[in-house]
Structures are given as structure tokens and as C-alpha cells.
Amino acid sequence: MQVYSRFGGKDGLLQALFDEGFEALSSAQQAVPKALPAQERVRRLCHEYLRIAAERPHHYALMLGAHSGDFKPPQASHERALATLAHLVDAVAQALPPTLDQERRASEVAHQILAFCHGWAMLSATRIVDGSQTFVIDGAVAALLGKGTG
């Protein structure tokens with residue numbers, strides 16, 4: 001119980017862990033150079049996402065829904081969490097061929113890529129798949145960007 005009191009209770013501790021997980025993800029994403037070719041940048045962002053999920057499984061579970069009890073992240077934490085998606089949307093927008101609805105299309109494809117990465121992270125965490133098989137990620141990114149298999 002002493003740990004809880006340092007954070008103002010259980011929800012304070014969970015919020016700190018939630019924020020810490022998304023800060024780690026954001027830092028990892030920001031370390032991916034924007035000067036990379038767009039498809040490579042998207043691929044590397046996916047690999048960083050999966051690395052964070054694997055290295056911080058308890059943070060990852062809390063970040064993506066395994067909340068304890070009735071914990072709900074405050075709005076400010078939720079907004080910082082959603083901001084991590086902006087890195088992927090930006091990279092996807094650069095990787096897709098230009099269209100009239102580029103912003104909407106980039107957001108859609110980024111969400112599809114995120115869904116794939118999340119599924120892969122969960123399957124890897126439960127050892128249903130071998131998470132080290134990164135060619136699967138690379139192929140999925142290429143396919144979702146309409147670039148073939150890699």
C-alpha cells in the first residue's frame with residue numbers, strides 16, 4: 001500500500017504507468033529518422049512499436065486496455081497517447097500516392113497498420129506466433145501501403 005500512497009492511490013499509480021508507457025513509445029518513434037524513405041520509416045515505426053510492447057509487457061497491457069478496476073486515463077493522458085499515432089499517420093501519408101483525400105486515406109491505412117501491429121504484439125506476447133519473424137511485419141506494411149510484399 002505504501003507504493004499507492006506515493007502516487008495518490010491506485011489510480012495515480014496506474015496513470016503514471018500508462019503515461020510512462022506512452023512516453024517510451026513516443027520517444028522510440030521520435031528516434032526513427034524522418035529523412036528515411038517513407039515506406040522504411042513506416043516499417044521502422046512498426047518495429048519500434050513491437051519492441052516497446054515486448055520490452056514493456058505490463059505497460060503495454062495497461063496502455064491498450066488492460067485497465068485495473070475502473071481506472072480510466074484522464075483526458076490529458078488519453079490525448080498524449082493518441083498523439084503517438086500522429087507519427088505513423090505522417091509517415092503513411094508520405095508513403096501513399098497522392099490523392100484528393102490524402103489525410104483521410106493516411107489515417108485509415110495508419111489505423112490498419114496499427115491494428116496489425118497490435119494483433120502481432122498480442123500474438124507474440126502469448127507465444128502463438130514467433131515475434132522475431134519481422135518479415136511478416138515488413139510484408140504487411142508493404143501490402144497495406146500498396147507496395148507489394150516488400
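Tutor: The largest nonpolar core comprises 38 residues, and those touching the most other members are Val42, Leu50, Leu88, Val92, Ile113, Val141 and Leu145. At least two residues of this core come from each of helix H2 (10–30), H3, helix H4 (57–63), helix H5 (75–95), H6 and H7. The most is given by H3, which contributes eight residues. Helix H3 (residues 38–55) is accordingly the subject of what follows. The model under discussion is predicted.

A few words on the setting are in order. The chain contains seven helices and zero strands, and its pattern along the sequence reads α-α-α-α-α-α-α. The C-alpha trace spans about 55 × 35 × 25 Å along its principal axes. The chain has 150 residues, of which 38% count as buried. When contacts between residues at least 6 apart in sequence are considered, 66% of them join residues at least 24 apart.

On the H2 side the contact is formed by Ala24, Leu25, Ala28 and Gln29, which meet Leu45, Glu48, Tyr49, Arg51 and Ile52 of H3. Sorted by class, the residues of this contact are six nonpolar, one polar and two charged. Alanine 61, which has its place in helix H4, lies 33 residues from alanine 28 in sequence, and the two C-alpha atoms are 18 Å apart in space. Alanine 61 has a relative accessible area of 32% and is therefore partly exposed.

H3 also packs against H7. The axes of H3 and helix H7 (residues 134–144) come within 10 Å and cross at roughly 135°. This angle makes H3 and H7 oblique to each other, and H3 passes H7 in a right-handed crossing. In this contact, Gln39, Val42, Arg43, Cys46, His47 and Leu50 of H3 meet Thr134, Ile137, Asp138, Val141 and Ala142 of H7. The contact of H3 with H7 consists, by class, of six nonpolar, three polar and two charged residues.

Ile137, Gly139, Ala140, Val141 and Ala142 are buried in H7, and the buried residues of H7 pack against both H3 and helix H6 (102–125). Apart from residues up to four places away in sequence, valine 141 touches Gln39, Val42, Arg43, Cys46 and Ile113. After H7 comes glycine 146, which has a positive phi, near 75°.

Leucine 50, located in helix H3, is one of the core residues that touch the most other members. With a relative accessible area of 14%, leucine 50 is buried, since buried means under 20%. Its contacts, neighbours within four places in sequence being left aside, are Cys117, Trp120, Ala121 and Ile137. Leucine 50 and glycine 131 are 81 residues apart along the chain, yet their C-alpha atoms are separated by 8.5 Å.

Arginine 41, also found in helix H3, presents a charged side chain in the class scheme. Its relative accessibility is 3%, and arginine 41 therefore counts as buried. Neighbours within four places in sequence again being set aside, arginine 41 is in contact with Val32, Pro33, Lys34, Leu36, His87, Asp90, Ala91 and Gln94.

Note on methods. Residues numbered from 1 in each chain as written. Predicted model: local features only at pLDDT ≥ 70, side-chain atom pairs only at ≥ 80, totals over all residues. Heavy atoms only, no water. Axes fitted to C-alpha atoms, helices over the stretch in contact; angles between N-to-C directions. Helix = DSSP H or I, 4+ residues; strand = E, 2+ residues; numbered from the N terminus. Parallel < 35°, antiparallel > 145°, perpendicular 65-115°, else oblique. Left-handed = near helix turned anticlockwise from the far one by under 90°. Contact = heavy atoms within 4.5 Å. Buried < 20%, exposed > 50% of the residue type's maximum accessible area, 1.4 Å probe, protein only. Core = buried A, V, L, I, M, F, W, Y, C linked by side-chain atoms within 4.5 Å.
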